[in-house]
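Trainee: I have this one open and want to go through some side chains. Can we start?
Mentor: Go ahead.

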Amino acid sequence: MESRVAIFIDGSNLYHALRSNFRRHDLNFSEFTGKLCGSRRLFRTYYYNVLQDPAQRPDGYREQQEFLDILRKTPYLEVRLGSTKVAQGVLVEKGIDIMLATDLLYFAWNDFYDVAVLVSGDSDFAYALQAVKNMGKHAEVAYFESGISKDLLNVADNRHLLNRSFFTGLWVGRRRSRRKGTNKEE
């Protein structure tokens, strides 16, 4: 029987890692999730992030809305949004990690998937991923080498290193090469 895969994406973690490692974020999510699934069947992809505050960052809010519109048009992908709160003068995410962990556990408990693929390097998810394994599910982690928790890797049954070669062919647009102004896809 073909394994059913559910992909859980820590959106902020992914966005910042893409910007830091590749200086871009124009990822084709259909292709990305397809590569993570391989020959297995995708149940659904869940993307978690914080909703930008239009009063605080109007340009960031507008850009995010355009990005979320693209995500919402991606087959079998659902967007889950948390909020921000000012704590001691600093803007902090609220509810994202618990939302992701709750869905990870709820869908495992209800036998909606056989394999969970977590796209994050955040050690906060290690215990929830272990609980998923304790329910008889397989747990995989897709991660960037620069931002991975050893605790999370130790729990994973399988690992997907998100490096330059992994992302080849997964970008939406083309980027201008630094050499001679040519266009190429990386």
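Trainee: Is Phe32 buried or exposed?
Mentor: Phe32 has a relative accessible area of 0%, so Phe32 is buried (buried means under 20% relative accessible area, exposed over 50%, partly exposed in between, with a 1.4 Å probe and protein chains only). This is a predicted model: local features need pLDDT of at least 70, side-chain atom pairs count only at pLDDT 80 or more, and totals for chains, interfaces and linings use all residues. Residues are numbered from 1 along each chain as its sequence is written, and side-chain values use heavy atoms, with hydrogens and water left out.

Trainee: And what about Phe167, buried or exposed?
Mentor: Phe167 counts as buried because its relative accessibility is 1%.

Trainee: How many aromatic pairs are there?
Mentor: There are 21 aromatic pairs, where rings of Phe, Tyr and Trp (its six-membered ring) pair if their centres lie within 6.5 Å; planes under 30 degrees apart count as stacked, over 60 as edge-to-face and the rest as tilted.
Mentor: For Phe29 and Tyr47, the ring centres are 5.9 Å apart and the planes are at 90°, so that pair is edge-to-face. Both Phe29 and Tyr47 are buried.

Trainee: Which residues do ring pairs link into a cluster?
Mentor: Among them are Phe22, Phe67 and Trp171.

Trainee: Changing topic: which ring does the charged end of Lys35 sit over?
Mentor: The ring of Phe166, at 4.6 Å from its centre. The rule is NZ of Lys or CZ of Arg within 6 Å of the ring centre and within 35 degrees of the ring normal.
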